[in-house]
Amino acid sequence: MIDVQQLQHAFRIGKRGQEKEVHVLKGIDFSVKEGEIVAIVGKSGSGKSTLLQIIAGFLQPNAGAVHMKHQNIAQLSEKERAAFRLKNFGFIFQNFQLLPGQNVAENIELPLKLRGESPVVRKKKVQDMLARVGLTEVAEHYPNELSGGQQQRVAIARALITDPPVILADEPTGSLDSQTEREILTFIQQLNEESNITFIMITHDDEVASIAHRILRMGDGLLLEAQHAI
Ligand SMILES: Nc1ncnc2c1ncn2[C@@H]1O[C@H](COP(=O)(O)OP(=O)(O)OP(=O)(O)O)[C@@H](O)[C@H]1O
């Protein structure tokens, strides 16, 4: 479903005239199958976020390809990448990134607004999603009135509302206590099993990696090994 080929990326850092190139990705190759949960692990600074940003089309790599649905994401224009992203990817972050001034229903509705869906369609989809993730009771609440686990559920609901085939997650349980983490991981497994949603997750956490079908370990700009977790 996603085919990453010979991906390379370097950042230029330092003052003008004294710039240095930092080679973060030095030739990454891997594929992700539909319905897989893949964990990307590796030391801080090993390039995990850079890799995820390239897959998501936020960042254009210096070389290499990311094929999905017969397109090479790395070669699309910025506008095309934004459209591709909205259609194909949902995002979950460590710190939830909910809009504090919008209630739960409004936060979940946001990607549908970006896609230009009509108010009637939006309302119906949000109601269905609230029921699906068990948040109907708190639909009118604001993020700061919710527990960490509930906030991450809202973020997951927002990621799911456009029915993306793939969810990209950066430390999805990084700010949750261990019991809430378990609950969210079980929820992710359930979504994967019931709806065949593909997950690619960056993590430092063994608990998160334990639900992956496959673990990709990054080091020194390369994939060191691929492990089958289950
Ligand atoms: N926009 C940028 N400009 C310059 N250097 C960058 C930029 N983004 C990342 N880097 C550098 O690229 C390297 C890889 O960063 P990246 O965030 O991908 O690592 P990571 O494995 O996700 O780390 P962590 O686990 O700490 O989040 C680091 O050395 C970082 O300083």
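Predicted model: local features only at pLDDT ≥ 70, side-chain atom pairs only at ≥ 80, totals over all residues.
Biologist: At what angle do the axes of α3 and α5 cross?

Modeller: Two packed helices are described by the angle and the distance between their axes. Here α3 (residues 104-114) and α5 (residues 148-160) have axes that come within 7 Å and cross at roughly 30 degrees (lines fitted to C-alpha atoms over the stretch in contact, with angles from 0 to 180 degrees between N-to-C directions). The two helices (DSSP H or I runs of at least four residues; strands are E runs of at least two) are therefore roughly parallel (under 35 degrees).

Biologist: Which residues make the contact?

Modeller: V104, N107, I108, L110 and P111 of α3 meet V154, A157 and R158 of α5 (C-beta atoms, placed from the backbone, within 7 Å).

Biologist: In which sense do β1 and β2 pair?

Modeller: β1 and β2 pair in the antiparallel sense over 10 bridges (pairing needs at least two DSSP bridges). Q8 stands opposite K26 in β2. Their hairpin has 6 residues between the strands, and G14 takes a positive phi near 100 degrees.

Biologist: Which element gives the most to the shell around the ligand?

Modeller: α1 does, with 3 residues. The residues around the ligand include F11, V22 and K48 (C-beta atom, placed from the backbone, within 6 Å).

Key. Residues numbered from 1 in each chain as written. Parallel < 35°, antiparallel > 145°, perpendicular 65-115°, else oblique. Contact = placed C-beta atoms within 7 Å.
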